[in-house]
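Work through the exercises below with the sequence and the model side by side.

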Amino acid sequence: MKTFHYTIREPYGIHARPAVMLAGESRKYNCKITVSFEGQTTDASDMIAVMGLNIQFGDEIIMEFTGIEEEVAYNGVKDFLLNSQIF
């Protein structure tokens with residue numbers, strides 16, 4: 001299992017477009033990827049569930065990776081979040 005913390009830079013938080021993008025990125029990997037915020041955890045590939053966490057600008061989320069491709073997924077999703085203009 002691998003985890004990392006990320007602070008949201010998107011001024012409007014994780015609304016529909018960022019949730020769709022995160023879900024799409026998460027589906028690329030053969031492992032379980034979750035997003036945790038304020039004690040709630042959901043599947044990162046489920047855009048509706050991610051939006052339901054009501055993550056706003058400046059909030060810190062925890063991404064967790066478990067499974068066969070956890071190392072690849074960790075690097076890919078971390079790179080995606082750090083280098084995407086929308087997060």
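**Exercise 1.** In this predicted model, find the ring over whose face Lys 2 lies, and then the ring that carries the charged end of Lys 78.

*Solution.* Begin with Lys 2, which lies over the face of Tyr 74 at 4.5 Å from the ring centre. Turn next to Lys 78, whose charged end sits over the ring of Phe 4, 5.6 Å from its centre.

**Exercise 2.** Classify the ring pairs that Phe 4 forms with Phe 65 and with Tyr 74, and state which parts of the chain they link.

*Solution.* The structure holds three aromatic pairs. For Phe 4 and Phe 65, the ring centres are 5.8 Å apart and the planes stand at 15 degrees; since planes under 30 degrees apart count as stacked, this pair is stacked. The pair links strand E1, which holds Phe 4, to strand E4, which holds Phe 65, across 61 residues. For Phe 4 and Tyr 74, the centres are 5.6 Å apart and the planes at 85 degrees, so the pair is edge-to-face. Because Phe 4 lies in strand E1 and Tyr 74 in helix H3, this pair ties together parts 70 residues apart in sequence.

**Exercise 3.** Decide whether Phe 4 and Tyr 74 are buried or exposed.

*Solution.* The cut-off for buried is under 20% relative accessible area. Phe 4, at 6% relative accessibility, therefore counts as buried, and Tyr 74, with a relative accessible area of 14%, is buried as well.

Definitions and conventions
Residues numbered from 1 in each chain as written. Predicted model: local features only at pLDDT ≥ 70, side-chain atom pairs only at ≥ 80, totals over all residues. Heavy atoms only, no water. Phe/Tyr/Trp six-rings, centres within 6.5 Å; stacked < 30°, edge-to-face > 60°. Helix = DSSP H or I, 4+ residues; strand = E, 2+ residues; numbered from the N terminus. Buried < 20%, exposed > 50% of the residue type's maximum accessible area, 1.4 Å probe, protein only. Lys NZ or Arg CZ within 6 Å of the ring centre and 35° of its normal.
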